Amino acid sequence: MYSQRPLSYAPTPYSYTPNPALAASINLDEEVKLATSSAERDLYESLAEIYSIIVTLDGLEKAYIKDAITESEYTETCARLLKQYKSSLGDDAVAQEFGDLDTFKRTWGLECPKATERLRIGLPATVEQASHSAPTPSNGPAVAGAPGGASLILTATENFITFLDALKLNMVSKDALHPLLSEVIQSVNKVTDRDFENRGKIIQWLITLNQMRATEELSEEQARELSFDIEQAYQGFKATLG
């Protein structure tokens, strides 16, 4: 009988020959470095931080939907996570490596749909939709004679005027307008939880600004449209006060 000879392409127990020189050069106690420089290490740490923010935010949104946390706890934590997310992407190197949210999620196998929507909007749900725990009588608008009512109305009015004045002064970048418009909606929510006419325009513009780069500016046409929409929202807000 002829002895069977292994096929040339089939693996055999003798297909690997240990290399003593290579084995001697490997130190099992040596730390494996993922980064070759401090800048590269900082970059990876920032990306890891963004990853954890997205996962944490998704869990927070689910907890809020299930009433597992209070509105105040949710608002504070969500606002902090959104701020940390924006701060992390403020670094040019991190932003370049991050790309965009969808790309980052695909790269690292993330789903987190609720966090994705919250990051797109850029506001806690309690700000996007007026909190029903707002200090207003009978869930209506604040009354000027009620304790703190006049002060809340005055603050909201001042924030509207400040924002419109900023547009008149040609302040049209995201980093100039987004904080001011956030102040508008937050102060309005403290006065009333009613969905007054053109309130939705404030939210739509906040989303638009949130999706812009920090130094990106509105076009002249966009600035005019924004001014018109916020002026209409201001009139709608005043109409709720009677």
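At roughly what angle do the axes of H2 and helix H3 cross?

**Before selecting anything**

The structure is a predicted model, in which local features need pLDDT of at least 70 and side-chain atom pairs count only at pLDDT 80 or more, while totals for chains, interfaces and linings use all residues. Residues are numbered from 1 along each chain as its sequence is written, and side-chain values use heavy atoms, with hydrogens and water left out.

**Stop 1: the whole chain**

Display the protein chain as a cartoon. It has eleven helices and zero strands; helices (H or I, at least four residues) and strands (E, at least two) are DSSP runs, numbered from the N terminus. Next, colour the chain by accessibility. Of its 242 residues, 37% count as buried. Buried means under 20% relative accessible area, exposed over 50%, and partly exposed in between, with a 1.4 Å probe and protein chains only. The chain exposes about 15600 Å², of which carbon and sulfur atoms supply 53%; such areas come from the Shrake-Rupley method with a 1.4 Å probe, and for residues only the protein chains shown count as cover.

Contacts (heavy atoms within 4.5 Å) may also be considered here. Among those between residues at least 6 apart in sequence, 74% join residues at least 24 apart.

**Stop 2: helices H2 and H3**

Select residues 38-65, which form H2, and residues 71-88, which form H3. Their axes come within 10 Å and cross at roughly 160 degrees. Axes are lines fitted to C-alpha atoms, for helices over the stretch in contact, and angles run from 0 to 180 degrees between N-to-C directions. The two helices are therefore roughly antiparallel to each other. In this scheme, angles under 35 degrees count as roughly parallel, over 145 as roughly antiparallel, 65 to 115 as roughly perpendicular and the rest as oblique.

To see the contact itself, show side chains. The residues that make it include Ile-53, Leu-57, Leu-60 and Tyr-64 of H2, together with Tyr-74, Leu-81 and Tyr-85 of H3.

Now centre on Tyr-64, which lies in H2. Not counting residues up to four places away in sequence, Tyr-64 touches Ile-69, Glu-71, Tyr-74, Ala-125 and Thr-126.

**Stop 3: salt bridges**

A salt bridge is a side-chain nitrogen of Lys or Arg within 4 Å of a carboxyl oxygen of Asp or Glu. By this rule the count comes to five.

Remain in H2 and select Lys-62 and Asp-58. They form a salt bridge, with the closest N and O atoms 3.3 Å apart. Because they are four residues apart in the helix, about one helical turn separates them. Lys-62 is partly exposed, at 39% relative accessibility, whereas Asp-58 is buried, at 5%.

Move to helix H6 (residues 113-121) and select Arg-120 and Glu-117, which are three residues apart. Their side chains meet in a salt bridge at 2.7 Å, N to O. Arg-120 is partly exposed at 35%, and Glu-117 is partly exposed at 34%.

In helix H11 (residues 220-240), select Arg-224 and Glu-220, which are four residues apart. The closest N and O atoms of this salt bridge are 3.2 Å apart. Arg-224 is exposed at 51%, and Glu-220 is exposed at 64%.

An α-helix has 3.6 residues a turn, so residues three or four places apart point the same way.

Finally, select Glu-61, Arg-118 and Glu-128 together. These residues are linked in a network of salt bridges.

**Stop 4: helix H6 and its cover**

Return to H6. Which of its residues are buried? They are Ala-115, Thr-116, Arg-118, Leu-119 and Ile-121. What covers them includes H2, H3, helix H5 (101-108), helix H7 (125-128) and H10.

**Stop 5: Leu-206**

Select Leu-206, which is placed in helix H10 (residues 199-210). Is Leu-206 buried or exposed? Leu-206 is buried, with a relative accessible area of 0%. Not counting residues up to four places away in sequence, Leu-206 touches Ile-121, Leu-123, His-178, Leu-181, Ser-182 and Ile-185. To finish, select Glu-128 as well: the C-alpha atoms of Leu-206 and Glu-128 are separated by 9.4 Å, although these residues are 78 apart along the chain.
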